[in-house]
Amino acid sequence: MRKQNTIFMMITVLIFTVSFNLSSLTQTAQANTTGESTEDKQHSTSLPPYKKTLPINVDVETKQEIHWGNADIINYYDRIEDVRYTYEIDTKPKSYLKVTKRRLDNGDQFIFTTLENHSDNAVDVKVSISIANTGYYSLKSFDQYMTGPRSNSSIHVDLTTGPLGLLTTYKDKAFNSNVMVGKQYHSKELTKNYQDGRRSVLRELINEDQGIDIDAQKNDLNLVIDMESKGNDMVDHWLLYSDESLFESDASYKEWIRIYNNKKYKNNNWYTADGPYRKVGRTAEPKPESELQYARNLLIVREDEPLKRYKETEERYFYNLLLNSITNLAIFKGDDEFYETEYTNRWLNRAYGIEPPYIDTRHNEGVALFLEETGEILDIPEIQKALTNYADLLVNQINTGQVVEVGPNASLISDYFTFNQDDVGVTHSSLNHVLGGMNLLLQTYNDTGEKKYLTAATYVQNGIDALGDKWLTDEGDTWYQISPDHTFSGEDYPRLTLNDLLLSLELWEGIDSSRTQTLEMLIKSKANYLANNDISFTKEMIASMKKHGFGEIIQK
């Protein structure tokens with residue numbers, strides 16, 4: 001999946017210039033050392049050139065010396081190449097400036113910049129990115145349609161917003177390049193340690209700001225990222241550069257802004273070289289007083305909305321976001337077999353003792369489906385195996401009894417489990433997780449024809465059937481979950497579970513229509529509950545309900 005080279009050298013300087021050719025492994029350095037000083041000094045350097053990537057200069061203001069650390073080259077799927085530069089700043093403990101050039105197979109490049117200050121001292125860094133042969137530009141703001149922060153009772157409030165905007169540069173009044181310029185995110189890392197080196201990792205957002213100046217010269221243009229660290233904190237910035245237009249038209253760009261704003265909870269703002277950070281629920285721990293805890297959440301490491309948009313338009317911007325997403329997922333998984341949540345859920349921890357890292361079945365299902373579809377569309381065979389790999393895990397969970405047993409050959413897949421704690425038992429099964437896992441097994445059976453997937457899905461449907469109308473509340477809605485002791489509880493999602501039920505019905509009708517009676521009963525009851533409570537149906541729901549004979553419910 002990935003290939004890695006590591007090149008390391010150390011140069012002690014106060015004021016220095018470094019040139020480093022990755023292919024010939026030659027380096028030069030000029031230094032002017034003046035001894036200890038209590039005053040801040042200016043240190044300047046240029047990142048080593050690499051292939052056709054943008055030249056980057058760095059100015060750092062600090063009392064401490066700065067050292068060249070290393071450059072790592074990592075290849076993902078023979079389509080994406082990361083060049084990761086690291087500089088060490090001699091604070092106590094050491095701090096780091098990390099710049100990643102993520103070069104895509106179409107020549108476009110993401111540039112991620114992170115300042116990690118592990119000391120109590122302030123460190124200011126200016127990163128200058130030069131775009132040659134241009135001095136004229138326009139900037140189309142992404143914030144031209146303001147919607148305000150996203151907030152609800154689950155997450156409290158999300159203070160991050162969309163990118164700064166789309167920068168277009170010109171040469172002799174003709175198009176030269178596009179740059180999607182992100183914003184800057186100032187945060188503190190929050191950790192809670194557990195046994196065996198395991199830990200919960202979050203970020204507390206301090207603030208978001210533009211943090212960039214555009215310096216237009218006669219023949220070139222510099223994007224200057226001003227990163228100001230106060231101590232014991234981190235500062236992140238990102239941008240995406242292309243020699244070609246990222247969108248087919250101004251109308252298409254505006255349409256993406258509209259889609260983004262309508263589905264802010266499904267789109268990313270805060271990108272880093274290791275994946276995007278997103279506001280997570282109030283139950284995520286460790287919890288800061290501000291309740292502004294952010295994390296790498298698998299729901300958004302995969303880019304569902306850009307995938308939809310790419311299928312509609314095949315535009316360059318969404319192609320790039322998809323390649324970035326599969327890279328981030330590879331980084332997130334690392335050497336593990338599956339995708340493990342890396343932060344504590346307080347409710348899960350108190351109810352079952354589960355500590356990170358652990359498996360969330362719905363999140364892994366979503367990632368597997370995303371990778372399979374993206375792999376097919378972009379012709380990347382390596383990631384198309386994700387669906388089968390995860391289906392094998394579900395089969396193993398059923399065969400080894402890591403499920404809520406309902407009866408003989410009747411069981412429900414648990415929502416969460418862990419490979420790291422022997423003292424954690426079976427957790428609850430929520431209906432949407434159960435249906436999602438069963439649907440994945442049925443889809444894998446359709447793709448492969450292997451009976452083991454159909455057998456596992458049949459056991460799950462047997463469990464759903466055995467419980468029958470016990471799934472329904474007195475009001476006609478579905479319960480959210482069933483516990484290992486077979487007690488039902490929780491208010492269910494209004495639309496998510498109905499979507500899952502409709503997909504289950506569709507899949508079983510194509511395989512064995514005799515298995516649909518309980519599903520039809522649950523669909524009818526839940527749909528009537530939504531209609532009676534004035535909860536709207538999506539276009540996709542309406543089409544599926546009409547197709548399967550539930551059209552009269554929509555007319556209520």
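Reader: Which helices each supply at least two residues of the lining of the largest cavity?
Author: This is a predicted model, in which local features need pLDDT of at least 70 and side-chain atom pairs count only at pLDDT 80 or more, while totals for chains, interfaces and linings use all residues. Residues are numbered from 1 along each chain as its sequence is written, and side-chain values use heavy atoms, with hydrogens and water left out. Helices are DSSP runs of H or I with at least four residues, strands are runs of E with at least two, and both are numbered from the N terminus. On that numbering, at least two lining residues each come from α1 (250-262) and α4.

Reader: How much space lies in the largest cavity?
Author: A cavity is a set of points, on a 1 Å grid over the protein atoms alone, where a 1.4 Å probe fits but cannot get out; lining residues have an atom within 4 Å of a point. Grid points are joined across faces, edges and corners, and the volume is the space filled by probe spheres set on the points. Four cavities of 30 Å³ or more turn up in a search of the whole structure. The space in the largest cavity is about 80 Å³.

Reader: How many residues of the lining of the largest cavity are nonpolar, polar and charged?
Author: The lining includes Phe142, Trp238, Asn267, Glu303 and Tyr317. Ala, Val, Leu, Ile, Met, Phe, Trp, Tyr, Cys and Pro count as nonpolar, Asp, Glu, Lys and Arg as charged, and the others, Gly among them, as polar. The lining of the largest cavity divides into nine nonpolar, two polar and one charged.

Reader: Which residues have the most contacts inside the largest nonpolar core?
Author: A nonpolar core is a set of buried Ala, Val, Leu, Ile, Met, Phe, Trp, Tyr and Cys residues joined through side-chain atoms within 4.5 Å. Buried means under 20% relative accessible area, exposed over 50%, and partly exposed in between, with a 1.4 Å probe and protein chains only. The largest core has 97 residues, and those with the most contacts inside it are Tyr317 and Leu441.

Reader: Which element gives the largest share of this core?
Author: Tyr317, which also lines the largest cavity, is among the residues with the most contacts inside the core. The largest share of the core is 11 residues, and they come from α4.

Reader: Which element gives the most to the lining of the second largest pocket?
Author: A pocket is an open set of grid points with protein on both sides within 12 Å along at least five of seven lines. The second largest pocket holds about 630 Å³ of space. Its lining has 29 residues, and Asp274, Tyr277, Arg296, Ile331 and Glu342 lie nearest the centre. Elements giving two or more residues to this lining include β8, β18 (199-209) and α4 (316-333), but the most, four residues, come from β10.

Reader: Is Glu81 buried or exposed?
Author: Glu81 sits in strand β8 (residues 80-89). Contact means heavy atoms within 4.5 Å; beyond neighbours within four places in sequence, Glu81 is in contact with residues including Tyr50, Lys51 and Arg102. Its relative accessibility is 13%, so Glu81 counts as buried.

Reader: Which residue stands opposite Glu204 in β24?
Author: Two strands pair if DSSP finds at least two bridges between them. β18 pairs in the antiparallel sense with strand β17 (residues 184-193) over 10 bridges. β18 also pairs in the antiparallel sense with strand β24 (residues 293-295), over two bridges. In β24, the residue opposite Glu204 is Gln293.

Reader: Which residue takes a positive phi in the hairpin of β17 and β18?
Author: Asn193 stands opposite Arg199 in β18. The hairpin has five residues between the strands, and the one with a positive phi near 60° is Asp196.

Reader: Why is one side of β31 and of β33 left without a neighbour in the sheet?
Author: Three strands form an open antiparallel sheet in the order β31-β32-β33. Because β31 (429-430) and β33 (488-491) stand at the edges, each has a single partner strand.
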